[in-house]
Structure formats: structure tokens, C-alpha cells
Amino acid sequence: MYTPRGFGASELGDIEIVPNGDDLHLFHLTLPSHDVVQHAVSQDGLSWAPRPAALRTGDPGDVDDDQIWTMSVIARPEGAGYVMFYTALTTRDNGCVQRVAAATSDDLIRWTKQEQLVAIEADRRWYEHDPATTGTVSWRDPKPIRIGERFVATICARENRGPRPGEAASD
């Protein structure tokens with residue numbers, strides 16, 4: 001059983017478990033602050049050894065300088081390391097617009113945010129994109145899979161049409 005250090009002062013948030021050889025790598029959000037993705041490793045799923053934090057919120061102006069939410073880790077093709085996609089919120093938008101950002105690792109221990117990549121945002125053609133409409137823009141919880149040489153992902157979002165939250169649907 002995994003319980004983060006300081007349990008009670010911080011809570012275990014969303015988790016992702018990634019097998020690598022004989023090891024299980026567990027990544028989890030730390031609540032309520034959403035400012036760090038913690039990391040622990042186990043060989044039996046019962047005893048866990050903490051590792052350095054995988055990610056922390058960014059510097060002022062970064063796409064994740066407010067909060068980090070749900071993440072998902074996937075192996076890159078041909079053993080070229082791993083990619084962690086995660087929900088990023090910025091103070092520029094008062095934490096009201098969710099985007100998907102990425103970090104990479106060769107070994108699941110040391111992670112590098114991919115600052116040169118534009119964070120994936122909701123496409124206004126199909127999804128709600130303006131926080132003035134409902135107060136927030138949902139574009140979160142990425143779950144990628146590899147199909148051949150391509151990656152595709154499910155992302156939690158809200159369509160740009162239909163009733164707003166709290167409104168009744170019209171017939």
C-alpha cells in the first residue's frame with residue numbers, strides 16, 4: 001500500500017503507475033495545492049520507496065505556473081524514453097483555462113518539461129475555449145495511447161454548443 005509522507009497534511013491525488021522491468025513507478029498529484037507530481041518506486045506494489053518529485057509548478061509566466069493536474073505517462077517508440085502529458089494551469093488566466101503540457105524522461109526519474117512545445121489547447125471549432133462563457137475552459141486529464149507510429153489521446157473537454165452548466169437542455 002502506498003501512502004505519501006506527511007499524509008494528512010497533503011492528500012494523494014490522481015495516480016499513474018508505469019511498469020519498467022521489475023519496477024513499478026507510481027506518479028501522483030499532491031492535493032490540495034496541485035503544485036507537484038510526486039514519484040515512488042516498488043517491486044511488489046506493497047513497499048514503496050520515494051524518489052525525487054517528477055514535476056513542480058513552473059516559474060512565473062510558464063504554462064503551468066499556477067497548478068498541475070492529472071498526468072499520464074507513455075513510453076516513446078523504440079525505447080526512446082517516456083512522455084508525461086499533464087494538465088497545466090497558468091496564473092495568466094487566473095487558473096481558469098486548462099491546457100495539456102508535456103515533459104520527457106529517459107529513465108522515469110529525471111523529467112524535463114518541453115517548454116519549446118506549445119501546450120495543447122481546446123480548438124474553438126469544436127470545444128469551449130473562452131472562460132468568459134462559463135468561468136472555466138475544460139481541457140484536461142490527457143490519456144494517450146500509441147497506435148502504430150502515432151499517438152492519440154482522450155481529453156476531458158466541453159463542446160462549444162449545447163446548454164451551459166446549470167442550464168436545461170432544449171428540445
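F27 and W111 are both buried, a word that here stands for under 20% relative accessible area, while exposed stands for over 50% and partly exposed for the range in between, with a 1.4 Å probe and protein chains only. The model is predicted, so local features need pLDDT of at least 70 and side-chain atom pairs count only at pLDDT 80 or more, whereas totals for chains, interfaces and linings use all residues. Residues are numbered from 1 along each chain as its sequence is written, and side-chain values use heavy atoms, with hydrogens and water left out.

A search of the whole structure finds two aromatic pairs, where rings of Phe, Tyr and Trp (its six-membered ring) pair if their centres lie within 6.5 Å, and planes under 30 degrees apart count as stacked, over 60 as edge-to-face and the rest as tilted. F27 and W111 form an edge-to-face pair. Because F27 lies in strand β2 (residues 23-31) and W111 in the loop between β7 and β8, this pair ties together parts that are 84 residues apart in sequence; strands (E, at least two residues) and helices (H or I, at least four) are DSSP runs numbered from the N terminus. The rings of Y127 and W139 also form an edge-to-face pair, and that pair links Y127, in the loop between β8 and α1 (131-134), with W139 in strand β9 (residues 139-147), 12 residues apart.

| Aromatic pair | Centre to centre | Angle between planes |
|---|---|---|
| F27 and W111 | 5.7 Å | 90 degrees |
| Y127 and W139 | 5.0 Å | 65 degrees |

Within the second pair, Y127 is partly exposed, with a relative accessible area of 29%, whereas W139 is buried at 8%.

Four strands form an open sheet in the order β5-β6-β7-β8, with antiparallel pairing, and two strands are said to pair if DSSP finds at least two bridges between them. β5 (67-75) and β8 (112-113) stand at the edges with a single partner strand each, so one side of each is left without a neighbour in the sheet. Strand β6 (residues 82-89) is joined to strand β7 (residues 98-105) by eight bridges, the two running antiparallel, and M84 stands opposite A103 in β7.

R158 lies in the segment after β10 (150-157) and counts as buried, because its relative accessibility is 16%. The C-alpha atoms of R158 and E128 are separated by 5.7 Å, although these residues are 30 apart along the chain.

I17, by contrast, lies in strand β1 (residues 11-20) and counts as partly exposed at 41% relative accessibility.
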